[in-house]
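Dear colleague,

Please find below the structure that I am handing over to you.

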Amino acid sequence: MRNRSKVDIVGRVGEVVQCSFGSGNTVTKFTIGIDESYAGVGNVMTQTTWFPCSAWGRDPRIKTGDEIHIAGKLSSVRYQNANGTTGNYVEVIVQRIYEQ
(Lines give C-alpha, C1' and ligand atoms only; values in the text may rest on other atoms or scores of the structure.)
Protein backbone atom coordinates (compact mmCIF):
# COMPACT_ATOMS: atom_id res chain seq x y z
CA MET A 1 0.00 0.00 0.00
CA ARG A 2 1.39 3.39 -0.90
CA ASN A 3 1.35 6.27 1.56
CA ARG A 4 -0.97 9.19 0.95
CA SER A 5 -2.82 11.84 2.89
CA LYS A 6 -6.52 12.48 2.53
CA VAL A 7 -8.55 15.10 4.35
CA ASP A 8 -12.32 15.69 4.46
CA ILE A 9 -13.56 18.64 6.50
CA VAL A 10 -17.04 20.10 6.87
CA GLY A 11 -16.99 23.50 8.52
CA ARG A 12 -17.40 27.22 8.18
CA VAL A 13 -15.15 29.53 6.19
CA GLY A 14 -13.19 31.89 8.41
CA GLU A 15 -11.12 34.51 6.72
CA VAL A 16 -10.58 34.45 2.97
CA VAL A 17 -7.03 35.73 2.90
CA GLN A 18 -6.34 36.29 -0.75
CA CYS A 19 -7.10 35.47 -4.33
CA SER A 20 -3.99 35.83 -6.48
CA PHE A 21 -4.08 35.83 -10.25
CA GLY A 22 -0.77 35.77 -12.02
CA SER A 23 1.18 33.79 -14.58
CA GLY A 24 -1.90 31.65 -15.23
CA ASN A 25 -2.15 30.38 -11.66
CA THR A 26 -4.93 31.22 -9.24
CA VAL A 27 -4.74 30.48 -5.53
CA THR A 28 -7.34 31.24 -2.90
CA LYS A 29 -6.12 30.99 0.69
CA PHE A 30 -8.68 30.70 3.46
CA THR A 31 -9.32 29.10 6.83
CA ILE A 32 -12.02 26.58 7.69
CA GLY A 33 -13.17 26.05 11.26
CA ILE A 34 -14.87 23.14 12.98
CA ASP A 35 -16.59 23.41 16.33
CA GLU A 36 -16.26 20.74 18.99
CA SER A 37 -18.39 20.77 22.14
CA TYR A 38 -17.48 19.26 25.48
CA ALA A 39 -18.79 19.36 29.03
CA GLY A 40 -17.24 22.12 31.10
CA VAL A 41 -17.78 22.90 34.74
CA GLY A 42 -21.55 23.47 34.88
CA ASN A 43 -22.01 24.17 31.18
CA VAL A 44 -21.19 23.08 27.64
CA MET A 45 -18.02 24.57 26.18
CA THR A 46 -17.29 24.98 22.47
CA GLN A 47 -13.83 25.05 20.95
CA THR A 48 -13.15 25.97 17.32
CA THR A 49 -10.18 24.44 15.49
CA TRP A 50 -9.00 26.37 12.42
CA PHE A 51 -7.25 24.82 9.41
CA PRO A 52 -5.35 26.88 6.80
CA CYS A 53 -6.31 25.94 3.23
CA SER A 54 -5.09 26.69 -0.30
CA ALA A 55 -7.27 26.12 -3.36
CA TRP A 56 -5.07 26.20 -6.48
CA GLY A 57 -6.31 26.75 -10.01
CA ARG A 58 -9.79 27.95 -9.07
CA ASP A 59 -11.74 30.85 -7.67
CA PRO A 60 -14.19 29.07 -5.36
CA ARG A 61 -16.25 32.22 -4.69
CA ILE A 62 -16.56 31.54 -0.99
CA LYS A 63 -17.08 34.09 1.72
CA THR A 64 -16.72 34.25 5.48
CA GLY A 65 -19.42 32.24 7.24
CA ASP A 66 -20.22 29.88 4.33
CA GLU A 67 -20.61 26.24 5.36
CA ILE A 68 -18.58 24.08 2.98
CA HIS A 69 -17.20 20.56 2.66
CA ILE A 70 -13.65 20.32 1.37
CA ALA A 71 -11.63 17.33 0.24
CA GLY A 72 -7.89 17.47 -0.23
CA LYS A 73 -4.49 16.48 1.09
CA LEU A 74 -2.08 17.71 3.73
CA SER A 75 1.05 19.64 2.84
CA SER A 76 3.88 20.54 5.19
CA VAL A 77 5.38 23.96 4.47
CA ARG A 78 8.79 25.02 5.77
CA TYR A 79 9.43 28.73 6.23
CA GLN A 80 12.04 31.14 7.53
CA ASN A 81 11.02 34.40 9.21
CA ALA A 82 12.85 37.76 9.14
CA ASN A 83 14.87 36.76 12.25
CA GLY A 84 16.21 33.67 10.48
CA THR A 85 14.17 31.25 12.57
CA THR A 86 12.78 28.31 10.60
CA GLY A 87 9.54 26.56 11.26
CA ASN A 88 6.90 24.32 9.72
CA TYR A 89 3.16 24.46 9.37
CA VAL A 90 0.62 22.12 7.84
CA GLU A 91 -2.04 23.29 5.41
CA VAL A 92 -4.79 21.60 3.44
CA ILE A 93 -4.35 21.61 -0.35
CA VAL A 94 -7.97 21.69 -1.47
CA GLN A 95 -8.83 19.45 -4.39
CA ARG A 96 -12.67 19.73 -4.24
CA ILE A 97 -15.13 22.10 -2.61
CA TYR A 98 -18.71 21.04 -2.03
CA GLU A 99 -21.06 23.84 -1.02
CA GLN A 100 -23.62 22.85 1.60
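This is a predicted model: local features need pLDDT of at least 70, side-chain atom pairs count only at pLDDT 80 or more; totals for chains, interfaces and linings use all residues.

Leaving out neighbours within four places in sequence, Pro60 is in contact with Thr28, Ile97 and Glu99, where contact means heavy atoms within 4.5 Å. Pro60 lies in the loop between β3 and β4; strands such as these (E, at least two residues) and helices (H or I, at least four residues) are DSSP runs, numbered from the N terminus. With a relative accessible area of 12%, Pro60 is buried, a term that stands for under 20% relative accessible area with a 1.4 Å probe and protein chains only, while exposed is over 50% and partly exposed is in between. From Pro60 to Val27 the C-alpha distance is 9.6 Å, although 33 residues separate the two in sequence.

Residues are numbered from 1 along each chain as its sequence is written, and side-chain values use heavy atoms, with hydrogens and water left out.

As to the chain as a whole, it has five strands and zero helices, in the order β-β-β-β-β from the N terminus on. The radius of gyration of the chain is 16 Å, well over the 13 Å that the globule rule gives for 100 residues, so the chain is more spread out than a compact globule. This radius is taken over C-alpha atoms, and the rule is 2.2 Å times the number of residues to the power 0.38. Along the principal axes, the C-alpha atoms fill a box of roughly 55 × 40 × 35 Å. Of the 100 residues, 26% count as buried.

Which residues make up the largest nonpolar core? There are 12: Val7, Ile9, Val13, Phe30, Ile32, Cys53, Ala55, Ile62, Ile68, Ile70, Val92 and Val94. Two or more of its residues come from each of β1 (7–22), β2 (25–39), β3 (44–56), β4 (67–80) and β5 (86–99), and β1 gives the largest share, three residues. A nonpolar core is a set of buried Ala, Val, Leu, Ile, Met, Phe, Trp, Tyr and Cys residues joined through side-chain atoms within 4.5 Å. Not counting residues up to four places away in sequence, Ile32 touches several residues, including Ile9, Cys53, Ile68 and Ile70.

Yours sincerely
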